[in-house]
Amino acid sequence: MLSAASADDLSIIINRGDTFTEVYMSSSAEVLFATFDVDPSIVPMRDNLVDYTDFASGTWAIGDTLLTGAKLRIDQQVVQPEAMSFMLHPSAETLSFETPLDGLISIGVCNAFTSDQSYQLSDLTGYVGYYIDHGSMDSTFDLALTQPLTRDLNLTVFDYGAATHTRTTLRFSSGATLSVALDPPQQTTRLRSIVPYALALLIAAKLLHGLFARTRAQKHCPARTIGLSLP
Amino acid sequence: MSKSHSRRTFLATSAAATLLPALPLTAQAQEPVVVEMLTKHPTEARLRNVFLPRVVSVEAGQTVLFKATDRSHNSASIDGMIPEGAEEWDGRINEDVEVTFDVPGVYGYKCTPHAATGMVALIVVEGEGKLDNLEAAQGVRQRGRAKAVFEEIWEEAAEMGLLEPSSA
């Protein structure tokens with residue numbers, strides 16, 4: 001069995017709104033294109049370096065192309081995601097990528113196209129965001145690729161619903177077909193995690209109450225009434 | 001840090017430019033209305049890539065300065081979202097740009113690289129016929145987040161009373 005470290009990593013953030021769904025994805029650029037089976041030559045390059053000047057006119061076409069081999073269903077209905085933006089940031093400068101705001105920040109085309117720095121695709125991490133004019137906090141979400149993976153893949157999904165979120169890690173072996181089927185994150189998930197703490201608090205409160213009761217009793221009664229054997 | 005401040009002035013319509021001398025002196029002499037182009041909203045952290053303010057009302061003949069407060073943004077008119085006879089504009093990234101609006105109407109505009117993430121906004125130029133292109137502008141298909149943001153913008157403009165017929 002391969003270790004987790006030897007597999008590629010892909011992260012997905014799902015942001016569920018009242019009437020829409022947003023999806024953000026991040027992975028090393030090479031893994032991103034390999035996973036979605038898209039030729040990375042769609043990224044503007046010059047002398048084998050990413051040409052950020054072309055990013056200034058918008059990068060959603062790259063994002064749209066990335067998902068051409070994927071099928072997304074929300075509430076069992078096939079939907080067409082619209083790419084908002086695609087961005088490449090240096091892998092050496094890791095960006096936080098766990099929340100919808102992280103996703104939005106990461107896909108923002110930034111100063112790169114006016115920077116003197118040049119990068120090869122292999123030095124970069126890809127970030128892409130999609131907007132789907134469909135869905136709700138209670139929708140089911142089902143993303144599937146049509147072609148099998150060529151390498152092992154660790155997938156982490158951050159799913160944000162109504163006032164709660166979940167984090168799921170899935171592992172796919174080479175040759176498998178990536179498929180993510182999610183129910184909406186439920187408030188009960190959070191409640192379930194609160195229950196042990198609430199019970200512990202109740203028990204602690206009961207114990208404290210008992211202790212105080214004994215202390216009060218000690219003030220008015222002989223020590224033996226609380227079972228202590230004092231001289 | 002100094003910023004590049006090459007300013008470009010666009011006349012929203014050449015036809016209306018001929019009418020400019022007829023405009024009230026107050027309108028001609030007014031300072032430009034400033035719209036900042038920001039990567040992060042100054043008070044609402046969840047809002048990224050914004051024009052501030054995002055709904056602006058000006059008199060015909062007045063100028064708006066789109067200020068490149070943060071880098072990587074520009075201001076450009078959206079196809080189908082400006083009145084008939086008005087000229088499109090397309091500011092350069094990282095540069096301030098001044099646009100003079102002479103034709104009454106609604107003007108939807110965007111930051112080119114960030115439009116689909118919702119960096120869009122509206123200018124309403126007061127004057128007769130200012131709502132003539134409202135339906136057409138509202139019917140323009142928006143990509144990504146821009147659709148939801150424009151829904152908010154139309155609502156905001158209506159609440160500001162900007163989508164009522166001009167009294168002028």
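Trainee: How many residues does helix α4 of chain B have, and what span is expected at 1.5 Å a residue?

Mentor: Helices (H or I, at least four residues) and strands (E, at least two) are DSSP runs, numbered from the N terminus. The expected span of a helix is 1.5 Å times one less than its number of residues. Helix α4 of chain B, residues 145-159, has 15 residues. From first C-alpha to last it reaches 21 Å, close to the expected 21 Å. The model is a predicted one, in which local features need pLDDT of at least 70 and side-chain atom pairs count only at pLDDT 80 or more, while totals for chains, interfaces and linings use all residues. Residues are numbered from 1 along each chain as its sequence is written, and chains are lettered from A and ligands numbered from 1 in the order in which they are written.

Trainee: Which residues of α4(B) are buried, and which are exposed?

Mentor: A residue is buried if 20 or more other C-beta atoms lie within 10 Å of its own, exposed if 12 or fewer, and partly exposed in between; the C-beta atoms are placed from the backbone. In α4(B) the buried residues are B:Arg145, B:Ala146, B:Val149, B:Phe150 and B:Ala157. Seen down the helix axis, these fall within an arc of 120 degrees, so they line one face of α4(B). The arc is taken over the directions from the helix axis to the C-beta atoms. An α-helix has 3.6 residues a turn, so residues three or four places apart point the same way. On the other side of α4(B), B:Glu152, B:Glu155, B:Ala158 and B:Glu159 are exposed. Just after the helix, B:Gly161 takes a positive phi of about 80 degrees.

Trainee: What do the buried residues of α4(B) pack against?

Mentor: Two residues are in contact if their C-beta atoms, placed from the backbone, lie within 7 Å. The buried residues of α4(B) pack against elements of both chains: β7 (82-90) and β8 (124-132) of chain A, and β4 (55-59) and β9 of chain B.

Trainee: How many residues of chain B are in contact with chain A?

Mentor: On the chain B side there are 18 residues, in contact with 20 residues of chain A. The elements giving two or more residues to that side of chain B are β3 (48-52) and α4. Its largest share, 3 residues, comes from α4(B). By class, this side has 5 nonpolar, 7 polar and 6 charged residues. Here Ala, Val, Leu, Ile, Met, Phe, Trp, Tyr, Cys and Pro count as nonpolar, Asp, Glu, Lys and Arg as charged, and the others, Gly among them, as polar.

Trainee: Which residues touch the most other members of the largest nonpolar core?

Mentor: A nonpolar core is a set of buried Ala, Val, Leu, Ile, Met, Phe, Trp, Tyr and Cys residues joined through C-beta atoms within 7 Å. The largest one has 85 residues, and B:Phe101, B:Tyr107 and B:Ile123 touch the most other members. Strand β9 of chain B (residues 120-126) gives this core its largest share, 6 residues. Leaving aside neighbours within four places in sequence, B:Ile123 is in contact with B:Val56, B:Val58, B:Val64, B:Phe101, B:Tyr107 and B:Tyr109.

Trainee: Where should I look for backbone exceptions?

Mentor: Look at phi and omega. B:Asn49, in strand β3 of chain B, has a positive phi near 55 degrees although it is not glycine. B:Asn49 counts as buried, with 27 C-beta neighbours inside 10 Å. A:Asn48 also has a positive phi, about 70 degrees, and lies in the loop between β3 (45-46) and β4 (49-50) of chain A. A:Asn48 is exposed, with 9 other C-beta atoms within 10 Å. A cis peptide bond joins B:Leu52 and B:Pro53, with omega about -5 degrees; B:Pro53 is in the loop between β3 and β4 of chain B.

Trainee: What is the mean pLDDT of chain B, and where does pLDDT stay under 50?

Mentor: pLDDT is the predictor's confidence in each residue, from 0 to 100. The mean for chain B is 86, and 82% of its residues reach 70 or more. Residues 1-27 of chain B stay under 50. For the model, ipTM is 0.79 and pTM is 0.79.
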